[in-house]
Amino acid sequence: VYQHLADFRGDFFLVPTAYQTGDGASWTRNNYRYLDQLTIAKVFHAKTLPMLLTENTSLADHTAITHAATIELLHQFMNHSNQELTIDYAPSKPLVQAAFESGQYQYAIFSKQDFQPTDTLKIIREYHPEMVWCLYQIK
């Protein structure tokens with residue numbers, strides 16, 4: 001959407017303030033980058049979907065996948081469990097879940113929605129975060 005703001009003049013655009021991408025883009029950076037193209041119409045907070053920290057117990061390769069916005073939760077787990085993980089990023093939580101469920105990673109964090117634990121795919125922890133949202137109007 002950011003690359004096509006001119007196509008959506010007058011429309012509204014909702015962004016979580018935790019927005020981040022693996023390449024360093026973030027809500028903070030974009031708020032300033034597109035200052036002349038966006039006006040903040042409203043800011044509010046709401047609970048997000050519950051999120052899960054999951055483990056594939058059939059793997060012991062110390063790999064993890066997450067969305068960039070949830071990396072802090074993974075860092076907390078690494079500190080608590082006293083282990084280093086090789087972390088990959090996916091552009092969305094559904095893609096994180098798909099990669100995890102296909103057996104590519106030992107750990108993952110994604111939205112709870114439709115995850116079904118199995119004998120080897122376990123839930124380690126469930127999170128119930130709140131998020132601050134910014135509603136922009138595109139100039």
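**View 1. Strands β2 and β8 pair in the antiparallel sense over 9 bridges.** Strand β8 covers residues 130–138. Pairing requires at least two DSSP bridges between two strands. Strands (E, at least two residues) and helices (H or I, at least four) are DSSP runs numbered from the N terminus. Ala46 has Met131 of β8 as its bridge partner. The model is predicted: local features need pLDDT of at least 70, side-chain atom pairs count only at pLDDT 80 or more, and totals for chains, interfaces and linings use all residues. Residues are numbered from 1 along each chain as its sequence is written, and side-chain values use heavy atoms, leaving out hydrogens and water.

**View 2. The open sheet of 3 strands runs β1-β8-β2, with antiparallel pairing.** Its edge strands, β1 (12–16) and β2 (38–47), each pair on one side only.

**View 3. An open sheet of 5 strands has the order β5-β4-β6-β3-β7 and mixed pairing.** β5 (86–89) and β7 (121–127) are the edges; each has a single partner strand, so one side of each lacks a neighbour in the sheet. Strands β4 (63–66) and β6 (107–111) run parallel, joined by 2 bridges. Here Ala64 is bridged to Tyr107 of β6.

**View 4. The largest pocket is lined by 20 residues.** Thr48, Met51, Ala69, Lys93 and Met131 lie nearest its centre. α2 (71–81), α3 (93–101) and β8 each give two or more residues to the lining. A pocket is an open set of points on a 1 Å grid over the protein atoms alone, where a 1.4 Å probe fits, with protein on both sides within 12 Å along at least five of seven lines; lining residues have an atom within 4 Å of a point.
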